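Student: Hi! Could you walk me through this structure?
Tutor: Happy to, here it is.

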Amino acid sequence: MNPMLNNDFLDSLFPPERTDDFFEALFGGAEEGAYTIMLRLRSETETSVELAFELHKRPGKCLVCSLTYGLSGVFKRHPIINAQGLARSIAEKKGWQGFSWDIGTTREESEELHWIPFRVARKGE
């Protein structure tokens, strides 16, 4: 099965400049950001989509030092991240009438990449 959700679609939902907007709101300046946020597909079925907010280390910054472990709670409610809106757009693309979503805890893949699970699932219709 070919995924409906590709990187072009995900980049249109969560464009690169949203990272700078997030750090501007959080710290008062985009230059304070230690990483770039990218929304990426991990797996897709007829009833659920597993995505990741990937946190890619920026040059000259320390991803490990940037307190990424508390971000799940921040991402759940931050208006610039807009997880609810992202989930709604993904559900619409999949043709789901009802949906639920959740954000898991930060995972450290390497010193260069951390990621936060983001799951969107179809509710019974």
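This is a predicted model: local features need pLDDT of at least 70, side-chain atom pairs count only at pLDDT 80 or more; totals for chains, interfaces and linings use all residues.

Student: Which residues touch the most other members of the largest nonpolar core?
Tutor: Tyr 35, Ile 37, Phe 53, Phe 75, Ile 90 and Phe 118, out of 30 residues. Such a core is a set of buried Ala, Val, Leu, Ile, Met, Phe, Trp, Tyr and Cys residues joined through side-chain atoms within 4.5 Å; buried is under 20% relative accessible area, exposed over 50%, partly exposed in between (1.4 Å probe, protein chains only).

Student: And which element gives the largest share?
Tutor: That's α4, with five residues. Helices (H or I, at least four residues) and strands (E, at least two) are DSSP runs, numbered from the N terminus.

Student: New topic: how do β1 and β2 run?
Tutor: They are antiparallel, joined by nine bridges; strands pair if DSSP finds at least two bridges between them. A hairpin of three residues links β1 to β2, and Met 38 has Glu 54 in β2 as its bridge partner.

Student: What about Lys 94, buried or exposed?
Tutor: Buried, at a relative accessible area of 12%. Lys 94 sits in helix α4, and a polar atom of its side chain is 3.0 Å from the backbone oxygen of Thr 45.

Terms used. Residues are numbered from 1 along each chain as its sequence is written. Side-chain values use heavy atoms; hydrogens and water are left out. A polar contact is a pair of N or O atoms within 3.5 Å; within protein, one must be able to donate a hydrogen and the other to accept it, and residues adjacent in sequence count only if both atoms are side-chain atoms.
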